[in-house]
Amino acid sequence: MLLLLLCQAFAQDEGSDSTSKWMSETRLRLLVSGEQWKDPNIGDVYKSSHMYPMVGGSYRFHRNMALGLDTGVYQIEGNLGATEFRSFPLFIGGSLLGAKSDLIEPFISVGATFVSFAEDTPVKDVSGTKLGTEVRTGLRIATKYVDPIIYPESQYGPNPSNEAALKQLDIEVVFAQRIHHAFGLGSGFDLGAFRFGVGLQLRL
C-alpha cells in the first residue's frame, strides 16, 4: 500500500514543472520507539524488547526526497540488578517521500545505523559500536493544529503564515528493520532489531 502511494506521488510529479520540486524544509521529530532484538542472548539476560524515546531531524530539499538522522538511548538491568546494558543507536539516511496528498505522506527510508553499547558485569565490562543498515517505512498524517492562513497575496500582501515558526504538525507512524551480522558475518552481540515508533513531526 505504501509503495503504491509513493509510486502515485512520483507519477503525478512527472507532469509538473521540475523547478517546483526543489524546496527547503527543516523537520524535527519526537518519537516513542519500541524494539525487539534479534540476539536471543540479550533476551535471556535482560529482556527481548524495550521502549525508549527518540529525537531526530531531517532536511527536505526536494518534493520527494529528504536527508535525516535520529537517535535515542536506553538502559536496562539484568540478573537482579547485577548487570546493566546500555545502548545508543544513531541512524543516518535518506528518504523517498510521497507528496501527492497534503494530508498523508508515505515514506521509505534507508540508511546506516551506528549502535554504541556497553554492558557492565561483575566479571567483565564490554563496550563497542556496531555498524549496520536500517530500512524504514511509514506514514505521516497532517493535523489541524497549525491551520495556514490562505488569501490572495496580490490583494492583501505577504501571507503571515509563511513566516510562522511552525508550519505543520504531523503524527508519524514508522516500522523499521535494523540489520546487523548480515549473511552470518560479524561477531559478538547481534543488535539487529525490529522497531515500531509513533510520535510527532514538526515542520519548520
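What we have here is a predicted model. The protein chain has three helices and nine strands. If you walk along the sequence, the pattern reads α-β-α-β-β-β-β-β-β-α-β-β. Of the 204 residues in the protein chain, 41% are buried. Now look at contacts with a separation of 6 or more: residues 24 or more positions apart account for 64% of them.

β9 gives the most, with four residues. The patch itself lies on the surface and is formed by V32, M51, L103, I104, I141, I171, F175, F194, F196, V198 and L200. Together they have about 920 Å² of accessible area.

Let's pick one member of that patch. I104 is found in strand β6, which covers residues 104–120. Its relative accessible area is 34%, so I104 counts as partly exposed, since that class lies between the 20% and 50% cut-offs.

Now for S87, in strand β5, residues 83–97. Is S87 buried or exposed? S87 is buried, because its relative accessibility is 1%, and buried means under 20%. And what does S87 touch, if we leave aside its neighbours within four places in sequence? The contacts are G72, V73, Y74, V115, S116 and F117.

Key:
Residues numbered from 1 in each chain as written. Predicted model: local features only at pLDDT ≥ 70, side-chain atom pairs only at ≥ 80, totals over all residues. Heavy atoms only, no water. Helix = DSSP H or I, 4+ residues; strand = E, 2+ residues; numbered from the N terminus. Buried < 20%, exposed > 50% of the residue type's maximum accessible area, 1.4 Å probe, protein only. Contact = heavy atoms within 4.5 Å. Patch = residues over 30% accessible without salt bridge, like charges linked within 9 Å, V, L, I, M, F, W, Y side chains within 5 Å. Areas by Shrake-Rupley, 256 points an atom, 1.4 Å probe, with all protein chains shown as cover. Salt bridge = Lys/Arg side-chain N within 4 Å of Asp/Glu carboxyl O.
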